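Let's take a walk through this structure together, with an eye on how charged side chains pair up.

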Number of protein chains: 2
Amino acid sequence: MTIPIVSITGKSNTGKTTLIEKMIRELKLRGYRVATIKHTIHGFDVDREGKDSWRHKQAGAQITVIASPKRATVIEDMDVDLEIAELRDRYITGVDIVLSEGFKGNPFPKIEVFRPEIHPDPLCTKEDNLIAVVSEAQTDRGVPLFKPDDIQDLVDLVENLYLKKSTL
Amino acid sequence: MTIPIVSITGKSNTGKTTLIEKMIRELKLRGYRVATIKHTIHGFDVDREGKDSWRHKQAGAQITVIASPKRATVIEDMDVDLEIAELRDRYITGVDIVLSEGFKGNPFPKIEVFRPEIHPDPLCTKEDNLIAVVSEAQTDRGVPLFKPDDIQDLVDLVENLYLKKSTL
């Protein structure tokens with residue numbers, strides 16, 4: 001079974017990360033295991049200077065894994081900018097759904113966070129596989145509209161579309 | 001082909017990380033791709049408070065992947081403390097060798113860094129799959145002995161044992 005991906009999109013400072021936090025909490029309350037994939041063009045220097053793992057990477061290790069009893073952290077150099085699906089297939093297992101943030105132009109179902117007072121123009125159309133809009137504003141994009149606090153109904157939609165096991 | 005693992009062992013403050021750095025550099029000069037696995041019982045809070053990825057984890061994501069054009073970082077919560085071989089099989093691909101640090105009691109070939117002026121007693125015996133000792137001291141453990149700066153000869157040994165392709 002391929003793990004479903006739902007992409008949280010929207011222009012900058014519209015509240016994507018806040019929405020993802022709320023969705024994770026609600027999905028977990030319903031018993032689902034969640035992974036997230038965040039894309040950033042700025043890179044992410046996760047490691048701290050002087051740490052052993054940083055020294056391994058600096059010396060030229062292509063992949064460094066730091067393992068502790070409760071957590072594993074993997075830092076891997078890439079030759080290419082991987083797509084969401086490639087990242088999922090490479091790193092993600094044992095979860096029910098992936099929420100992604102920050103990938104532009106991906107083919108996966110999208111929830112757009114829309115704040116016209118910050119950015120008047122929307123980002124996606126229904127042709128971009130838009131399945132819902134989250135906004136305080138009244139906006140008709142031909143898909144369901146949810147208020148930012150209306151997490152239960154939004155997660156109901158996601159659950160019905162991608163997580164409900166088929167029953168006889 | 002299973003990727004070979006060589007474990008750099010030794011008591012605390014004997015210079016394990018420094019040796020790994022030198023070995024990585026020498027192996028890379030010879031054209032090999034290297035990964036490292038570091039085990040720490042203290043955990044490793046790689047992520048920074050307030051960062052989006054930290055917020056994803058705090059909200060309950062089991063796995064968070066942060067991807068940029070040159071690097072991927074994966075932070076995964078574990079139910080169990082995985083063995084080196086399990087971490088290799090789960091996360092490591094596309095390299096020629098794995099150097100590990102900090103796993104006690106593993107079955108893989110070991111290079112012990114030994115500084116009797118700090119810790120008089122050695123850590124491993126030949127029964128622990130010890131293949132070499134790195135020390136400034138004269139010590140006979142029934143395996144080859146290298147000075148800490150004698151990286152070329154040490155890497156020759158590793159290369160001959162685990163990296164040389166068989167030729168007709």
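Start at Asp156(B), which is partly exposed, with a relative accessibility of 31%. Its side chain meets that of Arg30(B) in a salt bridge, 2.7 Å from N to O. The two come from distant parts of the chain: Asp156(B) sits in helix α4 of chain B, Arg30(B) in the loop between α1 and β2 (34-39) of chain B, and they are 126 residues apart. Arg30(B) is partly exposed too, at 23% relative accessible area.

Hop over to chain A and you'll find a network: salt bridges with shared partners join Glu26(A), Arg30(A), Asp156(A), Glu159(A) and Lys164(A).

Before going on, a word on confidence: this is a predicted model. Chain A averages a pLDDT of 90, and 92% of the residues score at least 70. For the complex, the predictor gives an ipTM of 0.91 and a pTM of 0.89.

Back in chain B, the side chains of Lys22(B) and Asp149(B) form another salt bridge, at 3.0 Å from N to O. Lys22(B) lies in helix α1 (residues 16-29) of chain B and Asp149(B) in the loop between β8 (145-146) and α4 (151-163) of chain B, so this pair ties together parts 127 residues apart in sequence. Lys22(B) is partly exposed at 27%, while Asp149(B) is exposed at 64%.

One more stop in chain A: Glu76(A) and Arg90(A) meet in a salt bridge of 2.6 Å, N to O. Glu76(A) belongs to strand β4 (residues 71-77) of chain A and Arg90(A) to helix α3 (residues 84-91) of chain A, 14 residues apart. Glu76(A) is buried, at 5%, whereas Arg90(A) is partly exposed, at 22%.

Notes. Residues are numbered from 1 along each chain as its sequence is written. Chains are lettered from A and ligands numbered from 1 in the order in which they are written. This is a predicted model: local features need pLDDT of at least 70, side-chain atom pairs count only at pLDDT 80 or more; totals for chains, interfaces and linings use all residues. Side-chain values use heavy atoms; hydrogens and water are left out. pLDDT is the predictor's confidence in each residue, from 0 to 100. A salt bridge is a side-chain nitrogen of Lys or Arg within 4 Å of a carboxyl oxygen of Asp or Glu. Helices (H or I, at least four residues) and strands (E, at least two) are DSSP runs, numbered from the N terminus. Buried means under 20% relative accessible area, exposed over 50%, partly exposed in between (1.4 Å probe, protein chains only).
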